Amino acid sequence: MVVRVGVLALQGAFIEHEKILRRLGVDATEVRLPEELAGLDGLIIPGGESTTIGKLAVKWRLLEPIRALAKAGRPVWGACAGMILMAQKVTDGVPDQPLLGLMDIAIVRNAFGRQVDSFETDLDVPVLGKIPFHAVFIRAPLIERVGAGVEVLARLEDGAVVAARQGNLLATAFHPELTEDDRFHRYFLGLAGEST
Ligand code: GLN
């Protein structure tokens, strides 16, 4: 059976995720309306601007149906801005910034300030194997607190958490869709396999 994965396509880097998913043989579909979530095996919330994506998600009444998809056990992955939306708490967020609030993590939204607002680094990600993952950070957030049920998947050298999993939920502070390395996408599809 072909896996069907939605990519929230309100704003940001959604096309890049679709390309990788299609290369992996996945039926990738753009989601802009609640009814487009029906029958999905998983959902990716891409990087972009979390306040914009959040506002549009409220406007198109997508927050509740996405929460329902996650609660039904379908994997949901938030990358960068998407990770901010996944969080229960954003410590330096815009007041009333809409969040999905799915993961027991707290985020610092503009964690790296202006000078180093974009950088690339090789991360040790044990769940992906021994070869480091080349991670692209663009005005990236970081995870400053993880709850008890959250597994830390990767840290920067200074200890800052930049990837985490909570059951069927995945969060990365960086942009795996901007590299040729598709191991995070395959890891996510593995979560989709677990939920069916
Ligand atoms: N800093 C951005 C935000 O708050 C996220 C940047 C990104 O997704 N590359 O939404």
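# Reading a predicted model by its cut-offs

Q: What makes the link between the side chains of arginine 109 and glutamate 49 a polar contact?
A: The two side chains are joined at 2.6 Å. The model is predicted.

Q: Why is arginine 109 called buried?
A: Its relative accessible area is 10%. Buried means under 20%, so arginine 109 is buried.

Q: Where is the place of arginine 109, and what does this residue touch?
A: Arginine 109 sits in the loop between E6 and strand E7 (118–123). Residues up to four places away in sequence aside, it touches Glu49, Ser50, Thr51, Ile84, Val90, Asp92, Gly93, Val94, Gln97, Arg139, Ala140 and Pro141.

Q: Which residues surround the ligand?
A: The shell is Gly47, Gly48, Glu49, Ser50, Cys80, Ala81, Ile84, Arg109, Asn110, Ile138, Arg139 and His175. Arginine 109 is therefore part of it, with a heavy atom within 4 Å of the ligand.

Q: How much of the accessible area of the ligand does the protein cover?
A: The ligand has 300 Å² on its own, and the protein covers 98% of that.

Q: Why is histidine 185 called buried?
A: Its relative accessible area is 0%. The cut-off is under 20%, so histidine 185 is buried. Its place is in helix H5 (residues 183–195).

Q: Which residues does histidine 185 touch, beyond those up to four places away in sequence?
A: It touches His17, Ile20, Leu21, Leu24, Ile44, Trp77, Pro176 and Glu177. With histidine 17 there is also a polar contact, side chain to side chain, at 2.9 Å.

Q: How do you know that the buried residues of H1 line one face of the helix?
A: The buried residues of H1 (residues 14–23) are Phe14, His17, Glu18, Ile20 and Leu21. Down the helix axis they fall within an arc of 165 degrees, so they share one face.

Q: How do you know that the buried residues of H2 line one face?
A: In H2, Ser50, Thr51, Ile53, Gly54 and Ala57 are buried. They too fall within an arc of 165 degrees, so they line one face of the helix. Lys55 and Lys59 are exposed on the other side. What covers the buried residues includes strand E1 (4–8), H3 and helix H4 (81–86).

Q: Why is arginine 61 called exposed?
A: Its relative accessibility is 68%. Exposed means over 50%, so arginine 61 is exposed. It lies in the loop between helix H2 (50–59) and helix H3 (63–71).

Q: What is the phi of arginine 61?
A: It is positive, about 55 degrees, although arginine 61 is not a glycine. Most residues other than glycine have a negative phi.

Q: Why is aspartate 96 called exposed?
A: It reaches 77% relative accessibility. The cut-off is over 50%, so aspartate 96 is exposed. Its loop runs between strand E5 (87–90) and strand E6 (103–108). Aspartate 96 also has a positive phi, of about 65 degrees, without being a glycine.

Q: Why is glycine 39 called exposed?
A: Its relative accessibility is 62%. That is over 50%, so glycine 39 counts as exposed. It is found between strand E2 (27–31) and strand E3 (42–45), in the loop.

How values were computed:
Residues are numbered from 1 along each chain as its sequence is written. This is a predicted model: local features need pLDDT of at least 70, side-chain atom pairs count only at pLDDT 80 or more; totals for chains, interfaces and linings use all residues. Side-chain values use heavy atoms; hydrogens and water are left out. Helices (H or I, at least four residues) and strands (E, at least two) are DSSP runs, numbered from the N terminus. Buried means under 20% relative accessible area, exposed over 50%, partly exposed in between (1.4 Å probe, protein chains only). Accessible areas come from the Shrake-Rupley method with a 1.4 Å probe; for residues, only the protein chains shown count as cover. A polar contact is a pair of N or O atoms within 3.5 Å; within protein, one must be able to donate a hydrogen and the other to accept it, and residues adjacent in sequence count only if both atoms are side-chain atoms. Contact means heavy atoms within 4.5 Å. The arc is that of the directions from the helix axis to the C-beta atoms.
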